[in-house]
Amino acid sequence: MVPVKLVIFDYSGTLSLESTLFARPDFLKKQFKESGLVDLGIESPEIFWGEIVNPTWQEGSTTAAGYKKVIGDRISALLYHNRSIVPYVKISDAASLFVDSYLSHSRIDQRWQPIFFKLQSHPSVKVIVATDHYAEATGYILRFLHELRIQAVTAKDDFANPDYAGVVVACSADLGVHKADSRFWDILKTGLNLSEIRCVLLIDDFGYNEQKGDRYSSGEKVEQRKNETVEMLQKVFFSPVQVVPFTMGNDGSERAFGELITRTSEIIDCYLADSEDGSQ
């Protein structure tokens, strides 16, 4: 059946609470020490975000280079600039330990499982997990979905199998552009045969729940990002877009996250209950 309804989930800060908890300053500093990054001068979240992540984000999240390589290369360049001679293998090992720990701490919250089960029972609904992320994240997200017994493939795998009915994982590093670029959605619309979509439901924190030291989560950009995303999706799919802002406010607790999941589940129930022709 050709899908007429589209449900889009953001990943970090929406499906995964763990990924946001990982980025909290105290936990982050613990990871610097355990991975060996602290021995390479990465001693504080400020250095990590300002000197390592932010300058490499564009390359890391829109190419196949990967998180490990871009931060390893950046650390190596900074050490060279400061006239510190450190074998690259030491830098690479520390970067790998850190990235593996981060992605392992980015599991999908189990409370999403019944929602995905419900969505999978509706053949007229296409579900996309869309994320601005590094290349390594795709495999982890697929694994986490499979652990919850949710069928899922990458966007490119789905392009080759137009009859596939499971969840699609669309990562910016795989598609070469960020979600804020209409080309991201044009690629998906064409590749996933979404020309008949008549309504869109978007569940996204728009970066709000992410670490405040990360420029992606800066408060003044969140509302703008939301408005621009809705406008763009409306133009790409020629359809109304309903938004579920998955924002936890200052309470980043398990309870607050669970309450948001419950509320989102109720909204999805209403969305699915609408007539199959996509009317609102």
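Colleague: Why is the crossing in which α3 passes α4 called right-handed?

Modeller: In this predicted model, where local features need pLDDT of at least 70, side-chain atom pairs count only at pLDDT 80 or more, and totals for chains, interfaces and linings use all residues, α3 passes α4 in a right-handed crossing, a term for a near helix turned clockwise from the far one by less than a right angle. Residues are numbered from 1 along each chain as its sequence is written, and side-chain values use heavy atoms, without hydrogens and water.

Colleague: How do you know which residues of α3 meet α4?

Modeller: Contact means heavy atoms within 4.5 Å, and the residues of α3 that meet α4 include Phe48, Ile52 and Glu59, while Tyr67, Arg74 and Leu78 are among those on the α4 side. By class, the contact has nine nonpolar, two polar and three charged residues.

Colleague: Why is Ile267 called partly exposed?

Modeller: Ile267, in helix α12 (residues 254–273), has 23% relative accessibility and so counts as partly exposed, since buried means under 20%, exposed over 50%, and partly exposed in between, with a 1.4 Å probe and protein chains only. Not counting residues up to four places away in sequence, Ile267 touches Leu201, Gln242 and Val244.

Definitions and conventions:
Helix = DSSP H or I, 4+ residues; strand = E, 2+ residues; numbered from the N terminus. Nonpolar A, V, L, I, M, F, W, Y, C, P; charged D, E, K, R; others polar.
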